[in-house]
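User: Hello! I am new to this structure and would like to learn how to read its features one at a time. Could you walk me through them?

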Amino acid sequence: MPGLWQIAAGTSDRDFRKLFLDHDLMLIGPGNPGPAPAEIYRGRGIMGTIGSFAADPEPGDPILLRIGQEVVAIGHISNDEGYSWDERFDDVLGWDLQHCRRVQWEPGLMGDFPEVAGVFEGVLQRPTFSRVHLVDDH
C-alpha cells in the first residue's frame, strides 16, 4: 500500500506554494551540510525529517501540500526522478532548501477529496514533512 505524505510549503509569512506548484517540486531544508543520505540525517528532529524526505517516499505515493493547517493541493511523487540536492535552491526567500523531490501536483484533486482540506485542523504542530495516517471513522 502506498504511503500518504504531507509537506509544508512554508507559512503565511513565507509561502512557497507557487514555487512548488509552478515547478512540480517540493523542497525542504536546511540544505547544509549537504546531500542525503549522510550519517547526520539519521535520527530525530529536522535532520531525521530530511533523511525521511530523501529515502522514504516511493514513486506514485500521494502527497498533501499544506500551508499552516490548510491542505491546498494534492499530488503524487514523480516516477521520473527521486531525491536530489540542488544548489539552485540555496536562497528561497531567505531559506536554504536544497533537498528536492519532483511531484506531479494536481490541484484539481482538491475538489474530488474535500475531506482532506481540514485534516490538520486543530493540530498545533506538524513536521515540515511526514507520513500521514488518516483514521477511518466508519
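Analyst: Happy to. The structure holds three aromatic pairs. In one, Trp5 and Phe129 are stacked, because their ring centres are 5.2 Å apart and their planes lie at 5°. A word on the basis: this is a predicted model, in which local features need pLDDT of at least 70, side-chain atom pairs count only at pLDDT 80 or more, and totals for chains, interfaces and linings use all residues. Residues are numbered from 1 along each chain as its sequence is written, and side-chain values use heavy atoms, leaving out hydrogens and water.

User: What describes a pair of aromatic rings?

Analyst: The distance of the centres and the angle of the planes describe such a pair. Rings of Phe, Tyr and Trp (its six-membered ring) pair if their centres lie within 6.5 Å; planes under 30 degrees apart are stacked, over 60 edge-to-face, and the rest tilted. Here, Phe53 and Phe129 form an edge-to-face pair, with 5.2 Å from centre to centre and 85° between the planes. This pair links distant parts of the chain, with Phe53 in helix α2 (residues 45-55) and Phe129 in strand β7, 76 residues apart. Helices (H or I, at least four residues) and strands (E, at least two) are DSSP runs, numbered from the N terminus.

User: Which residues do the ring pairs link into a cluster?

Analyst: The cluster consists of Trp5, Phe53, Tyr83 and Phe129.

User: Is Trp5 buried or exposed?

Analyst: Buried means under 20% relative accessible area, exposed over 50%, and partly exposed in between (1.4 Å probe, protein chains only). Trp5 has 2% relative accessibility, so Trp5 counts as buried. Phe129, at 3%, is buried as well.

User: How many residues of α2 are buried?

Analyst: Eight of the eleven residues in α2 are buried, so this helix is mostly covered. Among them are Met47, Ile50 and Phe53. The cover over the buried residues of α2 includes β1, β2 (25-28), β6 (99-105) and β7.

User: Where is Gly82 found, and which residues is Gly82 in contact with, leaving aside its neighbours within four places in sequence?

Analyst: Gly82 belongs to the loop between β4 (70-77) and β5 (84-85). Contact means heavy atoms within 4.5 Å. With those neighbours set aside, Gly82 is in contact with Cys100 and Arg101. Gly82 is partly exposed, with a relative accessible area of 37%.

User: What sits over the ring of Phe120?

Analyst: A charge sits over a ring if NZ of Lys or CZ of Arg is within 6 Å of the ring centre and within 35 degrees of the ring normal. In this case the charged end of Arg66 sits over the ring of Phe120, 5.6 Å from its centre.
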